[in-house]
Amino acid sequence: GITEGRTTYANTLKYLLTVISANFGNMVSMALASVFLPFLPLLATQILLNNLLADLPAMAIARDRVDAEWIEKPRRWDTTFIRDYMVTFGLISSLYDMLTFGLLLWVFQAAPPEFRTGWFVESLLTELLVALVVRTRRPFYRSRPATSLMVITGVVVCVALALPYLPLADLLGFVPLPAHLLGSLVAVSLAYGITVEWGKHWFYRHHERHRAQRRV
């Protein structure tokens with residue numbers, strides 16, 4: 001019972017950190033985009049679809065594997081930690097969204113439908129990546145996710161990349177992306193994953209140091 005309780009707590013925190021950091025980043029990005037874009041950065045149906053697809057692997061976190069150090073001792077709910085995590089990784093997400101905006105507008109001269117399609121793909125890929133990175137305090141490659149989480153994430157990645165080329169793309173407001181543009185978005189998403197991995201280790205070191213100072 002103790003082990004299951006600590007496992008449930010750990011997976012609940014994983015889900016919370018993943019969702020609030022992504023949603024905070026999206027909120028900041030949408031607000032900034034509305035200031036200088038003469039068109040809607042995403043349509044309402046595209047936002048809902050993005051959230052739906054991102055939530056599929058997020059729900060699989062409930063049965064994810066938990067690192068041994070998470071269940072060695074009881075842990076308390078720390079709202080300050082959650083707030084700082086949300087702000088730190090939400091702003092990293094927004095930084096890469098801004099990079100994507102610049103890439104779409106100034107490098108590829110994207111029209112509104114192409115811009116929306118590109119940001120949809122980048123936004124969804126980064127949300128999927130962040131879930132795999134923040135689910136553990138270890139380097140992500142040293143903590144094996146549950147099979148269900150990996151399978152669902154892989155399926156949603158394939159859907160994200162294929163969606164602009166499917167017959168229903170036009171109904172959703174998407175357009176096919178040139179190969180070089182799609183490749184650039186994938187590269188931005190991978191760079192984001194690397195930045196989050198680095199930021200995660202910095203954040204935990206900073207948090208532990210700050211907590212030790214508070215105890216003194």
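Reader: To begin, are Phe-101 and Trp-119 buried or exposed?
Author: Phe-101 and Trp-119 are both buried. Please note that this is a predicted model.

Reader: How many aromatic pairs does the structure hold?
Author: There are 16 aromatic pairs in the structure. One of them joins Tyr-96 and Tyr-192 in an edge-to-face arrangement, with 5.6 Å centre to centre and 75° between the planes.

Reader: Where in the chain do Tyr-96 and Tyr-192 lie?
Author: Tyr-96 belongs to helix α3 (residues 79-107) and Tyr-192 to helix α7 (residues 179-215), so the pair links distant parts of the chain, 96 residues apart. Both tyrosines are buried.

Reader: What about the geometry of Phe-101 and Trp-119?
Author: Phe-101 and Trp-119 also form an edge-to-face pair, at 4.9 Å centre to centre and with 80° between the planes. Phe-101 sits in helix α3, while Trp-119 sits in helix α4 (residues 112-134), 18 residues apart.

Reader: Which cluster includes Phe-101 and Trp-119?
Author: Ring pairs connect Phe-101 and Trp-119 with Phe-36, Phe-39 and Phe-115 in a cluster.

Reader: Why does Leu-32 count as partly exposed?
Author: Leu-32 counts as partly exposed because its relative accessibility is 38%, and partly exposed covers values between the 20% limit for buried and the 50% limit for exposed.

Reader: Lastly, what lies over the face of Trp-70?
Author: Arg-75 lies over that face, 4.6 Å from the ring centre of Trp-70.

Terms used. Residues numbered from 1 in each chain as written. Predicted model: local features only at pLDDT ≥ 70, side-chain atom pairs only at ≥ 80, totals over all residues. Heavy atoms only, no water. Buried < 20%, exposed > 50% of the residue type's maximum accessible area, 1.4 Å probe, protein only. Phe/Tyr/Trp six-rings, centres within 6.5 Å; stacked < 30°, edge-to-face > 60°. Helix = DSSP H or I, 4+ residues; strand = E, 2+ residues; numbered from the N terminus. Lys NZ or Arg CZ within 6 Å of the ring centre and 35° of its normal.
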